[in-house]
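Please look over the sequence and the structure shown below.

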Amino acid sequence: MADTVPLDRQVVLGDDALPGEARVIDAAERALSGERRGVRAVLPFLGPAFIAAVAYVDPGNFATNMASGSQFGYTLLWVVLAANLMAMLVQSLSAKLGIATGRSLPEVCRDRLPFRVVVLLWLQAEAVAMATDLAEFVGAALGLHLVFGLTMWASGMLTGLAAFTILGLQVWGFRRLEAAITGFVAVIVLAFGLTLLRSGPSPAGVARGMFVPQFSGSGSALLAVSIIGATVMPHVIYLHSSLTQNRIVGVNPAAKRKIFRFEIVDITIAMGTAGVINLAMLATAAAVFHGRGMPGAGNDLGQVFGGLNQYLGAHSGTVFGVALLASGIASSCVGTMSGQLVMQGFIHRRIPVFARRAITMLPALVVIAVGFNPTRALVLSQVFLSFGIPFALVPLLVFTGNRTLMGSLVNRRAMMIAAGLVTGVVVGLNGYLLATA
């Protein structure tokens, strides 16, 4: 950031901004001063939550939602809804930490926690990042395989090439990367909007599933934990604080509060969109497969692809495959970004992002090479992610409740209670899974 700030300025661009992005600061300044209103006022602040939201519609979500809907019908829609509301709350805390402190969650951990604790948090975060990358990479490769009939190995290599290309957009500024990833989200929205309309789910079944909490044995508990892991994703808890820390920097407490209010709009739109997509996935699987007495169809995304083509026609399976491909490529880029900031934040080490992408491709290529069921790999990876959530949530909750650190953006009592309940629910679901396994 510049050493001096004009007195009439409320915000400045972060250190990592490119010269061509100066127009963003001008638009943000006019929005905060009231010169820009309505949609035009929000536009300069949109972007970070859409990057984070990609992780909430990644291939792991495809696998868990399709398996849940085909096996248990609309029963677990309430879990999807609850998980999305949790995600909104958690992402608002993460964004607020970055805005208030100018530091990412891993950086604050490094600054304020004992060294041994920081190392342990870093190691588990890296393990979570690996599981995340496995799911996303395998999912994208599977999408290519289904749509174009390529071998899984060739699909995996093309997925890597596509991810390198998308990550390369950062060279021309972060806004271009944001725009590209938002475009992938739009593809997924369109795909599942069409598929949901064609599947014709039961309105009564959807309403009951969304608002009546229930389980149907330990199998549904496993999938519920998977849904939570696929939605409240730990690596994105780390990422969002990084996305907001240097993008548009408030120079005083009042400006930071205004920026956070605009970021809440960003989160509501992005996470709300992701939530609708996830609900549509599960409802589609319930209508197409559970309604036809095919509980096992959702356990294999290849069968989902064929079943949608067979029962809905109009190339519905191909549309599903394109959505899976878009999801995998975009979320793979986001996963690589998350892994980069985790290492840099916790241990102050950095490797080139393309080198990291190459390294994290290897486990996924091994899974593809040995012929492991890709859908099963996706579901298991999401269960693993769920166990990493408390390690990100607890520090986030503690830090955002610290007035000395957060200033005027410190959590109020109601927020602390709500965030504490979210943490308790996640830990409780994990315990239930272990007890009933």
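The model is a predicted one, in which local features need pLDDT of at least 70 and side-chain atom pairs count only at pLDDT 80 or more, while totals for chains, interfaces and linings use all residues. Residues are numbered from 1 along each chain as its sequence is written, and side-chain values use heavy atoms, with hydrogens and water left out.

Two packed helices are described by the angle between their axes and the distance between the axes. Here the axes are lines fitted to C-alpha atoms, for helices over the stretch in contact, and the angles run from 0 to 180 degrees between N-to-C directions. Helices (H or I, at least four residues) and strands (E, at least two) are DSSP runs, numbered from the N terminus.

Helix H7 covers residues 115–148 and helix H15 covers residues 316–347; their axes come within 7 Å and cross at roughly 160 degrees. The two helices are therefore roughly antiparallel to each other, given that angles under 35 degrees count as roughly parallel, over 145 as roughly antiparallel, 65 to 115 as roughly perpendicular and the rest as oblique. The crossing of H7 and H15 is left-handed; a crossing has this hand if the near helix is turned anticlockwise from the far one by less than a right angle, and is right-handed if clockwise. The residues of the contact between H7 and H15 divide into 20 nonpolar, ten polar and three charged. In this division Ala, Val, Leu, Ile, Met, Phe, Trp, Tyr, Cys and Pro count as nonpolar, Asp, Glu, Lys and Arg as charged, and the others, Gly among them, as polar.

H7 also packs with helix H8 (residues 152–167), at an angle of about 120 degrees and with the axes 8 Å apart. That angle makes H7 oblique to H8. The crossing of H7 and H8 is right-handed.

How many disulfides are there? With a disulfide taken as a pair of cysteine sulfur atoms within 2.5 Å, the count comes to zero. Cys109 has a relative accessibility of 1% and counts as buried, and Cys333, at 0%, is buried too. Buried means under 20% relative accessible area, exposed over 50%, and partly exposed in between (1.4 Å probe, protein chains only).

Asp58 sits between helix H3 (48–54) and helix H4 (59–72). Is Asp58 buried or exposed? Its relative accessible area is 0%, so Asp58 is buried. A polar atom of the Asp58 side chain lies 3.0 Å from the backbone nitrogen of Gly60.

Arg247 belongs to the loop that links helix H12 (234–245) and strand S2 (248–250). With a relative accessible area of 15%, Arg247 is buried. Arg247 and Ile99 are 148 residues apart along the chain, and their C-alpha atoms are separated by 9.0 Å.

His348 is found in the loop between H15 and helix H16 (353–370). Most residues other than glycine have a negative phi. The phi of His348, by contrast, is near 60 degrees, a positive value in a residue other than glycine. His348 has a relative accessible area of 55% and is therefore exposed.

Ser33 in helix H1 (residues 22–33) is partly exposed, at 40% relative accessible area. Val276 lies in helix H13 (residues 253–288) and is exposed, with a relative accessible area of 55%. Val276 and Asn84 are 192 residues apart along the chain, and their C-alpha atoms are separated by 9.1 Å. Val427 is part of helix H19 (residues 413–436) and is partly exposed, with a relative accessible area of 41%. Val427 and Ser386 are 41 residues apart in sequence and 8.8 Å apart in space, C-alpha to C-alpha.

Note on methods: A polar contact is a pair of N or O atoms within 3.5 Å; within protein, one must be able to donate a hydrogen and the other to accept it, and residues adjacent in sequence count only if both atoms are side-chain atoms.
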